[in-house]
Amino acid sequence: MKVGDIVKCFDFNGIDSCYMIGRVVSISDLYGDFRAEFIKRVFDGVEDKKFKTDFFSAPVQGNAFMDNDSFPRIQVIG
């Protein structure tokens, strides 16, 4: 993952129906997280249009509880 990438960030490990999509604007090596410009949020398989924000932050892959390689919590999609 690098600045400018479009990422899909899952809310829960192993559950693919809750996620946010955003364009990465910064990555912090110090804190092990990234900040992304918000594009879309899906909750329980349905797009959530009530969610109003410009940015979201999340731990980079490997820095969150139960991160594993069988279901990457952060996926680069563009």
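The side chains of Arg 41 and Asp 48 meet in a salt bridge, with a nitrogen-to-oxygen distance of 3.3 Å, where a salt bridge is defined as a side-chain nitrogen of Lys or Arg within 4 Å of a carboxyl oxygen of Asp or Glu. Arg 41 is buried, and Asp 48 is buried as well; buried stands for under 20% relative accessible area, exposed for over 50%, and partly exposed for values in between, with a 1.4 Å probe and protein chains only. The model is a predicted one, in which local features need pLDDT of at least 70 and side-chain atom pairs count only at pLDDT 80 or more, while totals for chains, interfaces and linings use all residues. Residues are numbered from 1 along each chain as its sequence is written, and side-chain values use heavy atoms, with hydrogens and water left out.

The structure holds four salt bridges. Another of them joins the side chains of Asp 5 and Lys 2, at 3.0 Å from N to O; here Asp 5 is buried, with a relative accessible area of 9%, whereas Lys 2 is exposed, at 53%. Arg 73 forms a salt bridge with Asp 67, in which the closest N and O atoms are 2.8 Å apart, and Arg 73 counts as buried at 8% relative accessibility. Side chains of opposite charge can pair when their charged atoms come close.

Strand β1 (residues 6-12) pairs in the antiparallel sense with strand β2 (residues 15-28) over six bridges; strands are DSSP runs (E, at least two residues) numbered from the N terminus, and two strands pair if DSSP finds at least two bridges between them. Phe 12 stands opposite Ile 15 in β2, and the two strands form a hairpin with two residues between them, where Gly 14 in the turn has a positive phi of about 85°. β1 also pairs in the antiparallel sense with strand β6 (residues 74-76), over three bridges, and in this pairing Val 7 stands opposite Val 76.

The largest nonpolar core is made up of eleven residues, among them Val 7, Cys 9, Met 20, Phe 34, Phe 56 and Ile 74; such a core is a set of buried Ala, Val, Leu, Ile, Met, Phe, Trp, Tyr and Cys residues joined through side-chain atoms within 4.5 Å. β1, β2, β3 (33-43) and β5 (55-59) each supply at least two residues of this core, and the largest share, three residues, comes from β3. Apart from this core lies another, of six residues, including Ile 6, Tyr 19, Ile 21 and Phe 71.

The structure also holds three aromatic pairs, counted where ring centres of Phe, Tyr and Trp (its six-membered ring) lie within 6.5 Å, with planes under 30 degrees apart called stacked, over 60 edge-to-face and the rest tilted. Phe 10 and Phe 71 form a tilted pair, 5.0 Å from centre to centre and with 55° between the planes. Phe 10 lies in strand β1 and Phe 71 in the loop between β5 and β6, so this pair ties together parts that are 61 residues apart in sequence. Both Phe 10 and Phe 71 are buried. The ring centres of Phe 34 and Phe 56 are 6.3 Å apart and their planes lie at 75°, so this pair is edge-to-face; Phe 34 in strand β3 and Phe 56 in strand β5 are 22 residues apart, and the pair links distant parts of the chain. Phe 10, Tyr 19 and Phe 71 form one aromatic cluster.

Methods: Helices (H or I, at least four residues) and strands (E, at least two) are DSSP runs, numbered from the N terminus.
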